[in-house]
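Here's a quick tour of rings, charges and greasy packing in one protein. Have a look at the fold, then read on.

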Amino acid sequence: MLEIRNLVKKYGDFTALDDISLTLEKGVYGILGANGAGKSTFLNLITDNIKRTEGSILYDGTEILSMGAKFRKKLGYTPQLQGMYEDFTAGQFLRYVGALKGMKMKACRQQTVEKLELVGLKDVAHRKLSEFSGGMRQRVLLAAAMLDDPELLILDEPTAGLDPEERIRLRNHIAEIAGDRTVLLATHVVSDIECIAEKVILMRKGKILKFASPAELMESVEGKVGEYNGSFEEVNALKERLQGGQVLRRRDGFVLRIARGELPEGFCPVQDITLEDVYLYYADV
């Protein structure tokens, strides 16, 4: 169990994270928010990459700062930026990370094969990372994070910069390896989490707006999502006037889809609410 109590991070007068309290058990948690919402700061505090200003983080009842290496051994982490040695092969990179984790050589070599197979890269373990696509590199980082079978897996924007096919492939791998552990997946891409997250932490400006299941979040905006049908020129002009919404193409033309507390005149409420609607609604709250 991971307990976050009254967590605060300030940079001078700027509050990047504002009094966050959560209790997370085993399962997959999606952290959703726009760039600058505080997602990476939150994860960097959990991994102890940066110092907190206030608050505490406990793992199974013990403050992680007092656990030191014992906590890091339970942790697997994929950072937002791909910091990798280009001349290493995929196998060499995983063995290097395993050595940093203090794994014994035999176990490290065995798990290198296992984890690369898990993410579909066993057959290219001998190839240099410089030859890999963005999606393949992200899968290598995911395999490295899984070394030594961590109880807590933290993934910061794991699909950033990937094309749709690579994003789906990596998302499926994350779902497969989640298993009996706590997984925190931070993203601003709604589709990354809507199918695999049991609960969503919705963040905005360093605060938690909502912490609920995708179904509960979608129920919370019922009657607040609507569409307006019209020509491309009409819906674009309306979008500009309302300063928001999505222009979507349908078989019979175009619609402007918005999520607001009160729908403007001419908008019809929709039943097929998505997590993206939730995201857009709370982004404007």
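A charge counts as sitting over a ring when NZ of Lys or CZ of Arg is within 6 Å of the ring centre and within 35 degrees of the ring normal. Keep in mind that this is a predicted model.

| Charged residue | Ring | Distance to ring centre |
|---|---|---|
| K9 | Y11 | 4.8 Å |
| K199 | F211 | 4.9 Å |

Now for rings meeting rings. Searching the whole structure turns up eight aromatic pairs. Take Y281 and Y282: their ring centres are 4.9 Å apart and their planes sit at 85°, so this pair is edge-to-face, given that planes over 60 degrees apart get that label. Are these two tyrosines buried or exposed? Y281 is buried, with a relative accessible area of 12%, and Y282 is buried too, at 10%. Elsewhere, Y85, F88 and Y96 come together as one aromatic cluster.

On to the greasy parts. In soluble globular proteins, nonpolar side chains tend to be buried together. Here, the largest nonpolar core has 52 residues, and F93, L94 and V140 have the most contacts inside it. Which helix gives the most to this core? That's helix α6 (residues 134-145), which supplies seven residues.

V140 is worth a click. Leaving aside residues up to four places away in sequence, V140 touches M84, A90, F93, L94, L121, L129 and F132. There's also a second, separate core of 26 residues, with I4, L17, L22 and I31 among them.

Definitions and conventions: Residues numbered from 1 in each chain as written. Predicted model: local features only at pLDDT ≥ 70, side-chain atom pairs only at ≥ 80, totals over all residues. Heavy atoms only, no water. Phe/Tyr/Trp six-rings, centres within 6.5 Å; stacked < 30°, edge-to-face > 60°. Buried < 20%, exposed > 50% of the residue type's maximum accessible area, 1.4 Å probe, protein only. Core = buried A, V, L, I, M, F, W, Y, C linked by side-chain atoms within 4.5 Å. Helix = DSSP H or I, 4+ residues; strand = E, 2+ residues; numbered from the N terminus. Contact = heavy atoms within 4.5 Å.
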